[in-house]
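Subject: Structure for your review

Dear colleague,

Please find below the structure that I am handing over to you.

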Amino acid sequence: MKNLRYSYLVAFWKKLTSGSTNRQIFGAALTVGLGTAVVKIAAMAKELLVAWRFGTQDELDAFYIALAIPSFVINVTTGAFDSAFIPTYIQVLHKQGVKASQELFSSATRCNIGLLVIAGLLVVITAPVYLQLIASGFNSQKLSLTFNLLLVIAPFILLSGISAIWGAVFNAREHFALFALVPLATPLITIAFLFRLESWGIFAFASALLCGALVEIVILGVGLHKQGISLYPKWYGIDSNLRQVGNQYAPMIAGSMMTCSAGIIDQVMAAMLSPGSVAALNYGNRLIVSPISLMSLALGTAVIPYFSKMVASGDWKGVSHTLKGYLSIIFLITVPLSGIMFIFAQPIIEIFFQRGSFSSEDTALVAQIQAFYALQIPFYIGCILLVKLISSMQQNQILMWVSGFGLIVNILGNYLFMQWLGIKGIALSTSCVYLLSFLYLLVAANKQLKKYRAIK
């Protein structure tokens with residue numbers, strides 16, 4: 001009986017997720033989404049433990065500022081690499097074969113590792129200068145703690161970068177499940193460290209990041225090795241395929257730098273306000289980030305291989321159909337979610353965070369921050385879909401321009417709304433940025449589709 005039920009479920013799953021491109025994308029997105037949901041549950045347990053242990057104390061402020069620049073570097077390099085590498089890798093794999101794709105992977109990995117090492121060294125060497133700027137509201141003791149935490153966190157840049165590079169190959173080959181579950185290692189290790197290494201204080205949190213990243217690399221490496229992919233970054237020279245990745249990587253790096261700068265700017269401007277503002281801003285975004293990252297990772301990971309295939313084959317009708325269909329689904333799901341997170345912000349924060357060092361006064365402030373952050377959800381997810389389409393069309397210069405536009409809007413919005421709402425104004429500014437960026441990307445994507453259809 002159990003075997004019969006299992007066979008029925010397998011058959012139902014195959015019927016639901018095979019056939020049309022949209023069904024295949026749905027299946028991939030559901031696979032990634034379920035895996036990511038498991039990771040997010042563990043991550044939420046980690047956040048509850050962090051809130052209980054540290055509240056909005058100075059050491060957590062110091063941790064988030066120490067993590068800000070390494071996170072910026074990771075997001076810039078790995079995000080840009082995925083968007084530049086995956087469409088070219090898929091094209092090479094299907095048109096030139098496995099050997100050519102292995103050579104592209106090896107050469108691109110070697111280049112990116114070199115970039116990550118240089119970036120990590122620069123982050124540490126220049127820290128005494130930029131920490132004075134981005135943590136201008138910190139006293140000398142708090143600033144010293146921030147620098148010491150940065151020294152512990154810095155290797156995370158290389159480790160996370162390698163994990164992202166190897167994960168890109170899993171996604172390009174449409175092996176989504178393992179990569180979705182691998183990040184589970186970090187929150188589980190963090191929980192263990194916070195419980196077992198209580199005497200380490202905030203340094204237990206920082207050390208757990210490194211250990212989690214190492215475990216993730218080991219798991220991904222074993223998975224790639226079993227697929228017959230060499231992990232040694234052998235250099236095969238600069239050929240047309242690597243040059244194509246580089247041509248798309250350059251504008252993506254520039255665009256990612258501007259996009260990720262928004263988070264740094266938010267942290268810096270929050271640090272100028274009253275003590276605890278940086279931590280409050282991070283808590284206010286925590287429960288918004290969970291559904292956003294779940295949906296955006298699931299959709300973004302699933303859709304780019306299929307968009308890339310359709311673009312390579314010139315199936316512009318299929319691209320338009322997929323874009324319209326998934327934009328409709330995105331807004332149907334996320335608008336109600338955004339409303340719930342806005343209206344019920346206060347009780348949600350009370351349930352999740354108000355205990356231990358996290359007071360009722362903290363709850364009132366963080367709930368208001370969450371309410372304004374919630375407004376971004378539909379537009380953020382919509383932006384992810386449009387960004388993946390534009391990357392698949394290898395038009396990454398568009399993303400560079402929209403990133404610059406968003407950065408300017410973010411700075412102006414932060415300044416204006418902070419005068420009116422204080423720390424809550426930064427959250428409102430962020431939502432405005434994603435609304436305007438979505439409109440910009442939608443117009444640009446439709447313009448490119450009309451252009452390609454006219455050529456065909």
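Predicted model: local features only at pLDDT ≥ 70, side-chain atom pairs only at ≥ 80, totals over all residues.

Aromatic pairs

A pair of aromatic rings is described by the distance of the centres and the angle of the planes. Searching the whole structure gives eight aromatic pairs. One of them joins Phe-405 and Tyr-440, whose ring centres are 5.6 Å apart and whose planes make an angle of 35°, a tilted arrangement. This pair connects distant parts of the chain, since Phe-405 belongs to helix α17 (residues 396-421) and Tyr-440 to helix α18 (residues 424-455), 35 residues apart. Phe-405 is partly exposed, at a relative accessible area of 30%, and Tyr-440 is also partly exposed, at 32%.

A further tilted pair is formed by Phe-417 and Trp-420, with 6.3 Å between the ring centres and 50° between the planes. Trp-420 counts as exposed because its relative accessibility is 62%, and the cut-off for exposed is over 50%.

Elsewhere, Phe-63, Tyr-64 and Phe-205 make up one aromatic cluster.

In soluble globular proteins, nonpolar side chains tend to be buried together. Here the largest nonpolar core contains 142 residues, and Phe-63, Phe-85, Phe-105, Tyr-283 and Leu-385 have the most contacts inside it. Helix α3 (residues 58-95) supplies the largest share of this core, 22 residues. Leaving aside residues up to four places away in sequence, Phe-85 touches Leu-104, Phe-105, Ala-108, Ala-168, Val-169 and Val-245.

Two packed helices

How do helices α9 and α10 pack? Helix α9 (residues 185-196) lies against helix α10 (residues 202-226) at an angle of about 145°, and their axes are 8 Å apart. The crossing of α9 past α10 is right-handed. Among the residues making the contact are Ile-189, Phe-193 and Leu-194 of α9, together with Phe-205, Leu-209 and Val-215 of α10. The contact of α9 with α10 comprises 11 nonpolar residues, four polar ones and one charged one.

Yours sincerely,
A colleague

Technical notes. Residues numbered from 1 in each chain as written. Heavy atoms only, no water. Phe/Tyr/Trp six-rings, centres within 6.5 Å; stacked < 30°, edge-to-face > 60°. Helix = DSSP H or I, 4+ residues; strand = E, 2+ residues; numbered from the N terminus. Buried < 20%, exposed > 50% of the residue type's maximum accessible area, 1.4 Å probe, protein only. Core = buried A, V, L, I, M, F, W, Y, C linked by side-chain atoms within 4.5 Å. Contact = heavy atoms within 4.5 Å. Axes fitted to C-alpha atoms, helices over the stretch in contact; angles between N-to-C directions. Left-handed = near helix turned anticlockwise from the far one by under 90°. Nonpolar A, V, L, I, M, F, W, Y, C, P; charged D, E, K, R; others polar.
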